[in-house]
Amino acid sequence: MKKHNFSAGPCVLPQEVLEQASQAVLNFNNLDLSLIEISHRSKDFIAVMDKAQALAKELLDVPEGYSVLFLQGGASTQFLMTVMNLLKKDGKGAYISTGSWSKKAITEGKKFGAIDVIASSEDKNFNYIPKDYSCPEDADYLHFTSNNTIFGTQFHEFPEVSEGTVLASDMSSDIFSRKIDVSKFGLIYAGAQKNMGPAGTTLVIVKDEILNQTGRDIPTMLNYKTHISKESMFNTPPVFAVYVSMLTLDWLKKNGGVEAIEKVNTAKAELLYAEIDRNPLFEGVAAVEDRSKMNVTFVLTDDSKQEAFDKLWNNAGVSGLKGHRSVGGYRASIYNALPLESVQVLVNTMKELEKLS
Ligand SMILES: *Cc1c(COP(=O)(O)O)cnc(C)c1O
């Protein structure tokens, strides 16, 4: 039987998507050819890319004037592309530091230009989202990480910026998990492997009018304009990753879209947090008001129970529960494709541990 996969990423995908993807690797569209051995410029693959873009636009209600791209290099390359494409010559970028991924974005930014960290939660090992800050009016852009995959915190309200400042967000681990107002953002990016598909592609949603404003010559592959003008086909796109992402987005649409999955995600998170709060053997890591609905971090209140608990969840077919080394304890990643039943199985093992004690 398939495991209950709580992996933080790459992570669980819908079973029917895995089956369709397997079939396409063997024989795609009855072409008697594999998806991964045909030209990306064939009409069959162009249809896949078009559908992936259209689904992303539809599911997130992306307004006119935005481009949707499927790029390579992971979210990590976006740390660099953000600053290259948004920071004006002699301009300034603002960042909110809420975890390891934000810090990496800041490191890349600093290599390139003037970067201001306007708020940080590092003083408490990133267990909360900073709230008392304001973005300087002269910042070209404000970058933040909407969901902190490692620490288990999430922005439930997005930062405010003045009119001249572009709001930019790394949404790798919560894209398509909840409704967002894309019109508030100039740039959104997300590595596929957390909530959209397999590793190998990165979704970028960018407002066209914010580009070409920096006054610098951006290297071709790192310039969003290049990829917009070639519809994500400037160079060979990651065909398999785009195809499986398209299937996953199609699955999401068939299941009621973002609004419907948001309700399920809330139910899953409430079920698990309720047990963490009720059961005296467990304790949440993140500040209650900033808890993530995607990555639930928790620890045992009595370390001597670790062996018993690990045995219980392993025997129940739960996988991928180990916390990140910088936090310790446990992390249950409960992305879109993880069924409510899997969360129930985990909660049952927590109750089981209490009974044994
Ligand atoms: C996983 C993750 C990344 C890194 O993504 P790569 O595709 O491996 O570069 C960046 N940001 C967040 C929020 C993540 O969860």
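Buried means under 20% relative accessible area, and Phe126, with a relative accessible area of 4%, is therefore buried in this predicted model.

View 1. The phi angle of Phe126 is near 60 degrees, a positive value in a residue other than glycine, and Phe126 is found in the loop that runs between strand E4 (114-120) and strand E5 (141-145).

**View 2. The whole protein, as a setting for the close-ups.** The predicted model contains nine helices and 14 strands, and its C-alpha atoms fill a box of roughly 65 × 55 × 30 Å along the principal axes. For 357 residues, a compact globule would have a radius of gyration near 21 Å, and the protein, with 21 Å, agrees with this value. Of the 357 residues, 55% count as buried, while the accessible surface comes to about 15,700 Å², of which 49% belongs to carbon and sulfur atoms. Among the contacts with a separation of 6 or more, 69% are accounted for by residues 24 or more positions apart.

**View 3. Helix H2 and the elements packed against it.** Helix H2, which covers residues 43-60, has 18 residues and reaches 26 Å from its first C-alpha to its last, close to the 26 Å expected at 1.5 Å a residue. Its buried residues include Phe45, Val48, Met49, Leu55 and Leu59, and among them are also Asp44 and Gln53. Just after H2, Asp61 takes a positive phi of about 55 degrees.

View 4. The peptide bond from Gly9 to Pro10 is cis, with omega near -10 degrees, and Pro10 is found in the loop between strand E1 (4-5) and H1. Val25 lies in helix H1, which covers residues 15-26, and is partly exposed, with a relative accessible area of 30%. Together with Ile36 and Phe240, Val25 forms a nonpolar patch on the surface, and the three residues have about 230 Å² of accessible area together.

**View 5. Met84 and its contacts.** Met84 is placed in helix H3, residues 74-86, and is buried, with a relative accessible area of 10%. Leaving aside neighbours within four places in sequence, Met84 is in contact with Phe112, Thr214, Arg216, Ile218, Pro219 and Leu222. One of these residues, Pro219, lies in the loop between E10 and helix H5 (224-229) and is partly exposed, with a relative accessible area of 41%. The C-alpha atoms of Met84 and Glu262, which are 178 residues apart along the chain, are separated by 33 Å, whereas those of Pro219 and Ser342, 123 residues apart along the chain, are separated by 45 Å.

View 6. The side chains of Glu16 and Lys254 meet in a salt bridge, with an N to O distance of 3.8 Å. This pair links distant parts of the chain, with Glu16 in helix H1 and Lys254 in helix H6, 238 residues apart. Glu16 counts as partly exposed at 39% relative accessibility, whereas Lys254 counts as exposed at 57%. Glu58 forms a salt bridge with Lys253, the closest N and O atoms being 3.4 Å apart. Here too distant parts of the chain are linked, with Glu58 in helix H2 and Lys253 in helix H6, 195 residues apart.

View 7. In the salt bridge between Glu122 and Lys103, the closest N and O atoms are 2.7 Å apart. Glu122 is in the loop between E4 and E5, and Lys103 is in helix H4, residues 100-112, so that the pair, 19 residues apart, links distant parts of the chain. Glu122 is partly exposed, with a relative accessible area of 41%, and Lys103 is partly exposed as well, with 35%. Elsewhere, Glu275, Arg278, Lys351 and Glu354 are linked in a network of salt bridges.

Methods:
Residues are numbered from 1 along each chain as its sequence is written. This is a predicted model: local features need pLDDT of at least 70, side-chain atom pairs count only at pLDDT 80 or more; totals for chains, interfaces and linings use all residues. Side-chain values use heavy atoms; hydrogens and water are left out. Patches are made of residues with over 30% relative accessible area and no salt bridge: like charges are joined within 9 Å, nonpolar side chains (Val, Leu, Ile, Met, Phe, Trp, Tyr) within 5 Å. Accessible areas come from the Shrake-Rupley method with a 1.4 Å probe; for residues, only the protein chains shown count as cover. A salt bridge is a side-chain nitrogen of Lys or Arg within 4 Å of a carboxyl oxygen of Asp or Glu. Helices (H or I, at least four residues) and strands (E, at least two) are DSSP runs, numbered from the N terminus. Buried means under 20% relative accessible area, exposed over 50%, partly exposed in between (1.4 Å probe, protein chains only). The expected span of a helix is 1.5 Å times one less than its number of residues. The radius of gyration is taken over C-alpha atoms; the globule rule is 2.2 Å times the number of residues to the power 0.38. Contact means heavy atoms within 4.5 Å.
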